[in-house]
Amino acid sequence: MHRLTQAYYAKAQGLKGVTTETGAGQWGTALSMACQYFGLDCKVYMVKCSYEQKPFRREVIRTYGASIVPSPSDTTNVGRKILAEHPDTTGSLGCAISEAVEVAVSSEGYRYVLGSVLNQVLLHQTIIGLEAQAALKKYGIKPDVLIGCTGGGSNLGGFASPFLGEMLRGEAQYKVIGAEPASCPSFTRGIYAYDFCDTGMICPLAKMYTVGSQFIPSSNHAGGLRFHGMSPILSELYDQRLFEARAYEQTQVFEAAEIFAKAEGILPAPESSHAIRAAIDEALACKKTGEEKVIVFNLSGTGYFDLYAYKQFNDGTMSDVIPSDDVIKEALSKLPKVN
């Protein structure tokens, strides 16, 4: 939904086109489709490891008429700088954001749009939570547990915000869980501080849970969750302990994805499968204690462009890379100094 909203306002503003980043490619696909509807040019910077892991996703983006570049690249000043300092980097959403912003500010008639994190994105995404809320009320179902995956925050924020609003107003109480990758643990191992939203440190600062803008996560398959920070709105709510966060290794996540695929006939995206993992864990806990709970999670995408990842899992060659405390400490040491 919010890709149409952003494209609509870009067209209404009289722009020639927009630039953006994409991790796994879902946002790049959605925005390229929306831009095609409104006759806008779309330039997408896709995280390099996902560009290589998901070739069919990038072809969908190209089919809708967008240009797509693996990030970091040699097409921008910030990309060349990152490559000079880290020649073997697999990239990150922070790198791709820096490049997309640079292209936008140096190209007349273009603006940069973001697929997650920022307040307006979460606002647009709340249509998901509002529809879920309305459906549950229609059938007289009260959820006990609400779960979404977390990378930058639009998924969990859009899904859970209407329910969190009920909690803040004292109208209801829920257990809300954000499921993130252990390879990029912004909530569970990050700190609440002002940080840059991009690796090139050219964007405004945001107060958020972060593992540092200079942190480059391993090339895991949950490309859409490989962002060093979290939405300022969700970060504030998490700091108030209105919801909890859990970090999962990718082999755990793909085990859950396989269970779900066999049960439901839907191959889930790696990002969404983090929420599935948490939902399964909650269900098993209920089974152990004999409690009955209504567990609702957000299945945000399918995994039919992630078959290389499923092949690794099925072949038994998938591994887990968890950053050490020293690696995170080093990235956090480079946080901007704010009085």
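Just after α8, Gly-170 adopts a positive phi of about 75°. The model is predicted, with local features requiring pLDDT of at least 70 and side-chain atom pairs pLDDT 80 or more, while totals for chains, interfaces and linings use all residues. Residues are numbered from 1 along each chain as its sequence is written, and side-chain values use heavy atoms, leaving out hydrogens and water.

Helix α8 spans residues 154-168 and has a kink of about 50° at Ser-161, shortly before the proline Pro-162. The bend at a residue is the angle between axes fitted to the seven residues ending there and the seven starting there. Helices (H or I, at least four residues) and strands (E, at least two) are DSSP runs, numbered from the N terminus. In α8, 13 of the 15 residues are buried; buried means under 20% relative accessible area, exposed over 50%, and partly exposed in between (1.4 Å probe, protein chains only).

Aromatic pairs number 14. Rings of Phe, Tyr and Trp (its six-membered ring) pair if their centres lie within 6.5 Å; planes under 30 degrees apart count as stacked, over 60 as edge-to-face and the rest as tilted. Two edge-to-face pairs are tabulated.

| Pair | Centre to centre | Angle between planes |
|---|---|---|
| Tyr-8 and Phe-38 | 6.3 Å | 65° |
| Phe-260 and Phe-297 | 6.0 Å | 75° |

Tyr-8 belongs to helix α1 (residues 2-12) and Phe-38 to helix α2 (residues 26-38), so their pair ties together parts 30 residues apart in sequence. Tyr-8 is partly exposed at 45% relative accessibility, as is Phe-38 at 25%.

The pair of Phe-260, in helix α11 (residues 250-264), and Phe-297, in strand β10 (residues 295-297), links distant parts of the chain, 37 residues apart. Phe-260 is buried at 12% relative accessibility, whereas Phe-297 is partly exposed at 27%.

Ring pairs also join Phe-187, Tyr-192, Tyr-209, Tyr-238 and Phe-243 into a cluster. Within this cluster, Tyr-192 has Lys-207 over its face, at 4.7 Å from the ring centre. Such a charge sits over a ring if NZ of Lys or CZ of Arg is within 6 Å of the ring centre and within 35 degrees of the ring normal.

Tyr-139, Ile-141 and Val-294 make a nonpolar surface patch of about 280 Å². For such patches, residues have over 30% relative accessible area and no salt bridge, and nonpolar side chains (Val, Leu, Ile, Met, Phe, Trp, Tyr) are joined within 5 Å. A salt bridge is a side-chain nitrogen of Lys or Arg within 4 Å of a carboxyl oxygen of Asp or Glu. Tyr-139 lies in the loop between α7 (119-138) and β5 (145-149) and is exposed, with a relative accessible area of 59%.

Methods. Patches are made of residues with over 30% relative accessible area and no salt bridge: like charges are joined within 9 Å, nonpolar side chains (Val, Leu, Ile, Met, Phe, Trp, Tyr) within 5 Å. Accessible areas come from the Shrake-Rupley method with a 1.4 Å probe; for residues, only the protein chains shown count as cover.
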